[in-house]
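Welcome! Please take a moment to look over the sequence and the model below, and then read on for a guided tour.

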Amino acid sequence: QVQLVESGGGLVQPGGSLGLSCAASGRIFSINAMGWYRQAPGKPRELVADITSGGSTNYADSVKGRFTISRDNAKNTVYLQMNSLKPEDTAVYYCNADLKPSRYLRSSNYWGQGTQVTVSS
């Protein structure tokens with residue numbers, strides 16, 4: 001019943017900006033942490049940034065100072081604002097949420113389908 005849907009991916013020039021959104025829907029009691037991961041061809045999936053329900057953030061060293069993660073708890077949505085984009089940022093970006101479907105169930109991780117971000121001239 002839980003779904004995570006990403007949006008906002010696309011093609012952007014080096015140095016440009018792009019904003020990603022991920023909305024969780026379905027059977028949700030509460031959401032703990034939410035985050036963004038990315039995977040480039042031939043490389044393992046890596047953490048980009050995550051954020052707790054209280055707003056504490058964590059970033060990969062490669063994106064610090066350029067990316068900003070935020071969330072809107074009322075909308076069950078997490079955002080990733082990407083600035084000063086580089087070609088090496090090119091990847092499929094995946095949304096992740098650690099959430100509790102109901103009061104009676106334990107928290108589990110859920111993944112979105114991913115959205116392509118391409119940084120190229």
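Helices (H or I, at least four residues) and strands (E, at least two) are DSSP runs, numbered from the N terminus. This is a predicted model, in which local features need pLDDT of at least 70 and side-chain atom pairs count only at pLDDT 80 or more, while totals for chains, interfaces and linings use all residues. Residues are numbered from 1 along each chain as its sequence is written, and side-chain values use heavy atoms, with hydrogens and water left out.

## The overall picture

The protein contains zero helices and 11 strands. Read from the N terminus, its elements run β-β-β-β-β-β-β-β-β-β-β. Its radius of gyration is 14 Å, close to the 14 Å that the globule rule gives for 121 residues, so the protein is as compact as a globular protein of that length. That radius is taken over C-alpha atoms, and the globule rule is 2.2 Å times the number of residues to the power 0.38. The C-alpha trace spans about 50 × 25 × 25 Å along the principal axes.

The accessible surface of the protein is about 6,500 Å², and 46% of that belongs to carbon and sulfur atoms. Such areas come from the Shrake-Rupley method with a 1.4 Å probe; for residues, only the protein chains shown count as cover. Of the 121 residues, 37% are buried. Here buried means under 20% relative accessible area, exposed over 50%, and partly exposed in between (1.4 Å probe, protein chains only).

Contact means heavy atoms within 4.5 Å. Among contacts between residues at least 6 apart in sequence, 55% join residues at least 24 apart.

## The nonpolar core

A nonpolar core is a set of buried Ala, Val, Leu, Ile, Met, Phe, Trp, Tyr and Cys residues joined through side-chain atoms within 4.5 Å. Which residues have the most contacts inside the largest nonpolar core? They are Trp36, Leu80, Met82 and Tyr93, in a core of 30 residues. Several strands supply at least two residues each, including E3 (18–25), E4 (30–39), E8 (77–82) and E9 (91–100). Strand E9 gives the most, with five residues. In soluble globular proteins, nonpolar side chains tend to be buried together.

## Cys22 and its surroundings

Cys22 lies in strand E3 and counts as buried, at 0% relative accessibility. Where is Cys95 relative to Cys22, in sequence and in space? The two are 73 residues apart in sequence, and their C-alpha atoms are 6.3 Å apart. Cys95 is also among the residues that Cys22 touches, not counting residues up to four places away in sequence; others include Leu4, Met34, Trp36 and Asn76.

## Two positive phi angles

Asn76 sits in the loop between E7 and E8, and Ser84 sits in the loop between E8 and E9. Phi of Asn76 is near 50 degrees, a positive value in a residue other than glycine. Ser84 likewise has a positive phi, near 50 degrees, and is not glycine. Most residues other than glycine have a negative phi.

## Residues in strands and loops

| Residue | Relative accessibility | Class |
|---|---|---|
| Ser102 | 8% | buried |
| Asn76 | 24% | partly exposed |
| Ala33 | 28% | partly exposed |
| Ser70 | 31% | partly exposed |
| Ser84 | 41% | partly exposed |

Ala33 belongs to strand E4. Its C-alpha atom and that of Ala97 are separated by 5.9 Å, although these residues are 64 apart along the chain. Leaving aside neighbours within four places in sequence, Ala33 is in contact with Ile51, Thr52, Arg71, Asn96, Ala97 and Asp98.

Ser70 is placed in strand E7. With neighbours within four places in sequence left aside, Ser70 is in contact with Ile51, Thr77, Val78 and Tyr79. Ser70 and Val2 are 68 residues apart in sequence, and their C-alpha atoms are 21 Å apart in space.

Which residues is Ser102 in contact with, leaving aside its neighbours within four places in sequence? They are Arg27 and Phe29. Ser102 itself is found in the loop between E9 and strand E10 (108–111).
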